[in-house]
Amino acid sequence: MRGRRLAAALAPLLIPAVAMAAVDGVPLPRGWIGTTTDWVRGFGIAFVLLDLALLALAWRNLRRFGLTTSVRGGLFVAVALVPVMVAFLSFAYGLEQSTTVSACGSCHVMTPFVADLQDVKSETLAATHFKNRYILDHQCYTCHSNYGLAGTLRAKFEGLGHVWRYTTGTYDLPIKIASPYPNVRCLGCHGASQKFLGSAGHPKEEMPNLMAGATSCLDCHGPAHPAQQKAALR
Amino acid sequence: MTEEPARVRGLRIALVVTALFDVLALVLFLRATPIVFTVFMFVGQPLFAVAMILLLGAVLADLRAKQLL
């Protein structure tokens, strides 16, 4: 009975929330019901709205009836049960969204990089990867984080540093990469491809240097991004 | 001051703190920028932890009052 009531309360909140999360841009296949991220966002918004309503109800009942058994139950649902779902969904959604190009571009010092990335006329390495969809999505994050769990964790900690420096204004212009770009990030995708292995530009005697990072991929394939103006605005 | 109002006050604070957590989560769902996500992680999540501790404290006090603990 309670389950039915909860479902009935969730449905009117969930449907508009999922509709809000609909994707725009390219035409979608027939029967498209959204991505996992859209649904996480939709459920997240629905649970937040439901919890706010439950909190208001719990507040009113606590004031009106005191600590009765049913008020205790309502408090447990409003303060513990539903917020756990909100915490899980918001963490998952925030983590996923922090890897998008729009997240990187939300800091205006990144605007020239993102503008070049999305410029179809640009011949930089980043723009070439973007316009040909060599990387389907999350292009900034894919190229600027190492592979595996350690890479993800390191990227998150570095991202935290970026947010801190951006918010406090403690950064220098022009923006530079913190350490030399490692070949392993290129080789993760290209290393085993026949186009890479069979290319005349990658002779066998040069392979050990490329694999070890003694010769940088960017020495021949750069620049990855356009040169930055020293006078760029903060 | 009796034990009952103190427990109720703690629960009221838990309700307000949870509401703040919900608002921060809603902002994240509507506008997921890195700054909003950082604020949610370092302010929102601890607020939820505080609410849980307050709720747990009220439950323990309740059990003690009924001599079940």
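Hi everyone. A word on conventions: this is a predicted model, where local features need pLDDT of at least 70, side-chain atom pairs count only at pLDDT 80 or more, and totals for chains, interfaces and linings use all residues. Residues are numbered from 1 along each chain as its sequence is written, chains are lettered from A and ligands numbered from 1 in the order in which they are written, and side-chain values use heavy atoms, with hydrogens and water left out.

Let's start with chain A. It has 12 helices and 0 strands; both kinds of element are DSSP runs numbered from the N terminus, helices being H or I with at least four residues and strands E with at least two. Of its 234 residues, 32% count as buried. Buried means under 20% relative accessible area, exposed over 50%, and partly exposed in between, with a 1.4 Å probe and protein chains only.

Now, how do the helices pack? In chain A, the axes of H2 (residues 36–65) and H3 (residues 69–97) come within 8 Å and cross at roughly 155°. Axes here are lines fitted to C-alpha atoms, for helices over the stretch in contact, and angles run from 0 to 180 degrees between N-to-C directions. H2(A) and H3(A) are therefore roughly antiparallel, a label for angles over 145 degrees.

On to charges. Over all chains there are 4 salt bridges, each a side-chain nitrogen of Lys or Arg within 4 Å of a carboxyl oxygen of Asp or Glu. Which residue does B:Asp62 pair with? Its partner is B:Arg7, with the closest N and O atoms 2.6 Å apart. B:Asp62 sits in helix H2 of chain B and B:Arg7 in helix H1 (residues 3–30), so the pair ties together parts 55 residues apart in sequence. Both residues are buried, and salt bridges with shared partners join A:Arg72, B:Arg7 and B:Asp62 into one network.

In helix H8 of chain A, A:Glu158 and A:Arg154 lie 4 residues apart, about one turn. They form a salt bridge at 3.1 Å between the closest N and O atoms. A:Glu158 is partly exposed at 33%, as is A:Arg154 at 47%.

Finally, H8 also holds A:Phe157, which counts as exposed at 62% relative accessibility.

Note on methods
Angles under 35 degrees count as roughly parallel, over 145 as roughly antiparallel, 65 to 115 as roughly perpendicular and the rest as oblique.
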